[in-house]
Amino acid sequence: MAKDLDYYKKLAERMIEDDSERDTAFDAYDNMFHCDWQLATDLKGIEWIRKVTSTDPHDAVAAGGRVLSSLEPNVKLQALASNTPTKKLANAWETNLKWQLKSVNRRRQAGVVQDFVRSALLYDEIAAQVIDLDYHIDQVADFKGDTARLRNARRYGRFLVQTYHPKSVHAYYSGLMPEVVLLCQRRPCRSVISEWGDLAKELEEHEEDYCNYYDLMDYKTRAVWVEPEEGGNEIEIITPSDHNLPFLPWVTMVGATSLESDPKHARQPILYAVYMSGGWETQNVVKTLYTSEVIAHASSPRGKEEGPNQEPTIIDYGDPKRTAKVPPGNVYTPLPPPPIDQALVEIDRILAQGIDKSTVSRILMNADIPSGAAFATLNLATQTAVGALKPAKQLTEKGLAEMFTQMLLWVHFTKKPLLGYGSDRRNGFGSQYVIEPDLIDPEAIYIDVELTPDVPTDKQQRVNTAMMAVQALNYPKEYALDDIGVSDPQAAEKQRYLEMLADANLQLVIQGMQAQQQLTIAQQQQAMAQQQQAAMMEEQQGTAGALPEGAPVEGPPGGQGFNPAARGQPPAVAFPGGTFEGMT
């Protein structure tokens, strides 16, 4: 049974207080990412100081985000049986869930994967809420809230994934899971009134002001209240009551370690070492000092003049030679510009290398490698640099898997089928994929998500490894396709079988056409040979008898009289106009 609001207010205060050190660290990470740094007190007020801020922390987080969030995540739903129909059903659900992710991203300024990756890199924590718009619209309509914008949002897809800055979300974790989640935000009162309708009527007198918004939820109870900044008591929007959901619709993932005795060290994002060591502040001071010194010395004298003559030396800066006309009796000596302090430059280089070691290698930022480096060296360096992003990668994958799991839980709870479509040639453009609520077992949903880093040779290595395993070890092709990232190996094999059948049918057609052509040519050759043989027989029969007197000779004479072997006259002599073929 739900307790009164005072109990949940005290719980919220305690949760916020427990996360105070975490929030201080989050503020520092935000400052580093946004290059927001203030001069030290002893440097303020000095006229020649020019503030310079290092962008290395921002560049490290941005590089990690480019590597991890540039490709579509590979969703794998564990089939609960090894038979082909069950595998096909799991593959269809994977395609449907990918479509839901694309639909979610259509209404967002940034994709869910990009937000999850940045949150994991920058804070080592992910906070998001998965909302079924069909269910939410009905709930908002019941308390006469504004459903117009929700219905417009529904045109882009059924689910809304609202990502939050982890500083706004406080959660209590047990050894099992997150137990309580609190959303605490500073919001315009107008937006709260628009969202909650009649339930926020008491807030209308503060419509132009801001308020602190609290939304606390556990596995049984939900309470929502606000505290106007311009004074006044808290206003209950949802009195603590049962929410009737069989799950907690929040994705709260922390890549923390339980080995730390101090909770403030549990979360260790990519900038953790830089924050704890103060390396960024030191680097900014060093950059500021040597840069300001160079700027301040830019107007220093470039020469000195000595002698009794009061007339100054005249230098014609328009002349390429820049001739100096020195008055009689004076001596003009050029002065070199002051050199930059190499000690400060060296310290800056050392500090920058330390930040690189703590975050990501510069090879992921700008391919900063020595000229002439071997390809194997580049590949090894790249893979090593990507290894530094593995904790954030694993946290993002867990967050995405939980997001997809909650989508299926919403479908099972609302008993409303989930419709999706194929969006590429592998899944068939326009093909429908439906997830039926009755087929979902909430206690047997096993989803894995893999983010494939967008780095050189990664895909090639997977393909080569799979090919060698198939050829040398008789590794199943279905497993090999799954290893290289094919989302639906069964469909890929089926497509390959169809292509093989099509190729075989085409070869049969080509062979039949070739055989028919060869048969036609053979028949033509046989007919020509028969015609030639018939012509020769006619010629032989024509020359065997006596020719009429005065008739022209059409062929060579025959008989023993014209047989040289019988001492007769050769046919060539008796018939000079005959050809070689005719004589023989």
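Aspartate 215 counts as buried, at 4% relative accessibility; buried means under 20% relative accessible area, exposed over 50%, and partly exposed in between (1.4 Å probe, protein chains only). The side chain of aspartate 215 forms a salt bridge with arginine 222 (2.7 Å, N to O). Such a bridge places a side-chain nitrogen of Lys or Arg within 4 Å of a carboxyl oxygen of Asp or Glu. The model is predicted: local features need pLDDT of at least 70, side-chain atom pairs count only at pLDDT 80 or more, and totals for chains, interfaces and linings use all residues. Residues are numbered from 1 along each chain as its sequence is written, and side-chain values use heavy atoms, without hydrogens and water.

The structure holds 19 salt bridges. One of them joins glutamate 234 to lysine 9 (3.0 Å, N to O). Glutamate 234 lies in the loop between β7 (221-228) and β8 (235-242) and lysine 9 in helix α1 (residues 5-18), so the pair ties together parts 225 residues apart in sequence. Helices (H or I, at least four residues) and strands (E, at least two) are DSSP runs, numbered from the N terminus. Glutamate 234 is partly exposed, at 30% relative accessibility. Lysine 9 is buried, at 16%. A network of salt bridges links Asp19, Arg22, Asp23, Glu125 and Arg267.

Another salt bridge pairs aspartate 348 with lysine 287 (3.1 Å, N to O). Aspartate 348 sits in helix α11 and lysine 287 in helix α10, so the pair ties together parts 61 residues apart in sequence. Both residues, aspartate 348 and lysine 287, are buried.
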